[in-house]
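Please look over the sequence and the model shown below before reading on. The report that follows is meant to be read with both in view.

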Amino acid sequence: AFHQTARLPNGAYLVIGGGNGALLLPVASPTCEIYNPCLRVFQPAPPMTTERTLHRATALNDGRILVTGGSMTLGVPISTAEIYNPATGQWSAPIPMNSVRIAHTATKLNDGRVLITGGSSSFVLNPPTSTNYLPIFQSAMDTAEIFDPATNTFTPTVNAMSAKRFGHAATVLANGQVLIA
């Protein structure tokens with residue numbers, strides 16, 4: 001549960017990470033599989049360098065797959081990204097992001113860069129069995145950053161969003177602007 005899927009250049013799909021399905025007490029996984037829709041079979045793929053759930057995956061224009069943020073087991077936030085290269089079948093070393101982000105969006109822009117928006121900075125409950133979810137809602141973020149695949153770096157945007165958000169949606173409009181709702 002809470003895994004991500006991205007289409008590979010050969011038409012197969014990379015199924016990435018995820019967890020046990022418990023939103024507030026997640027057990028994250030680094031495992032990956034490749035699904036071949038022609039043969040209707042899954043095969044193992046190399047695991048990510050970091051276990052992730054509630055992360056995002058974006059297919060880049062050059063065929064690589066960018067995986068950003070998410071949380072480790074028990075909601076520990078992640079402030080890195082990593083890239084799967086289908087040509088080599090390998091994951092990159094972790095790439096630092098400007099912020100930890102859980103349940104954020106990652107939207108590929110028309111120029112190939114990726115806009116990362118919002119998310120939560122923590123899904124940790126104290127104690128882990130608590131039903132007080134207020135700290136999670138209070139950790140929602142209004143910041144954004146842009147990933148440049150030419151340099152494999154993240155740069156913060158100049159302006160924040162008008163509201164703090166996590167679990168939101170984002171899409172590129174015909175004019176190139178991004179609608180966040």
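What follows is a short account of some strands, salt bridges and loop residues.

This is a predicted model, in which local features need pLDDT of at least 70 and side-chain atom pairs count only at pLDDT 80 or more, while totals for chains, interfaces and linings use all residues. Residues are numbered from 1 along each chain as its sequence is written, and side-chain values use heavy atoms, with hydrogens and water left out.

**Strands and their pairing**

The strands named here (E, at least two residues) are DSSP runs, numbered from the N terminus, and two strands are said to pair if DSSP finds at least two bridges between them. An open sheet of four strands has the order E1-E2-E3-E4, and its pairing is antiparallel. Strand E1 (4-7) and E4 stand at the edges with a single partner strand each, so one side of each is left without a neighbour in the sheet. From one strand to the next, the twist averages 25°, an angle taken between the N-to-C directions of axes fitted to C-alpha atoms, on a scale from 0 to 180 degrees. Within this sheet, strand E3 (residues 32-36) and E4 run antiparallel and are joined by five bridges, and isoleucine 34 stands opposite glutamine 43 in E4.

Which strands pair with E12? Strand E11 (residues 114-117) pairs with E12 in the antiparallel sense over four bridges, and valine 114 stands opposite phenylalanine 147 in E12. Four bridges also join E12 to strand E13 (residues 153-156), again in an antiparallel arrangement, with threonine 153 in E13 as the bridge partner of aspartate 148. E12 and E13 form a hairpin with four residues between them, and asparagine 152 in the turn has a positive phi of about 55°. In strand E12 (residues 144-148), four of the five residues are buried, so the strand is largely enclosed by the rest of the structure; buried means under 20% relative accessible area, exposed over 50%, and partly exposed in between, with a 1.4 Å probe and protein chains only.

**Salt bridges**

The structure holds four salt bridges, a salt bridge being a side-chain nitrogen of Lys or Arg within 4 Å of a carboxyl oxygen of Asp or Glu. The table lists some of them.

| Pair | N to O distance |
|---|---|
| Arginine 52 and glutamate 82 | 3.1 Å |
| Arginine 64 and aspartate 62 | 2.7 Å |
| Arginine 101 and glutamate 145 | 2.9 Å |

Arginine 101 lies in the loop between strand E9 (95-96) and strand E10 (105-108) and glutamate 145 in strand E12, so this pair ties together parts that are 44 residues apart in sequence. Arginine 101 and glutamate 145 are both buried. Arginine 52 is buried, with a relative accessible area of 0%, and glutamate 82 is likewise buried, at 0%. In the remaining pair of the table, arginine 64 counts as buried at 13% relative accessibility, whereas aspartate 62 is exposed, with a relative accessible area of 52%.

**Residues in loops**

Is threonine 53 buried or exposed? Threonine 53, which lies in the loop between strand E4 (41-45) and strand E5 (56-59), is buried, with a relative accessible area of 0%. Leaving aside residues up to four places away in sequence, threonine 53 touches several residues, including Ala1, Phe2, Pro26 and Ser71, where contact means heavy atoms within 4.5 Å.

Valine 76 lies in the loop between strand E6 (65-68) and strand E7 (80-85), and at 37% relative accessibility it counts as partly exposed.
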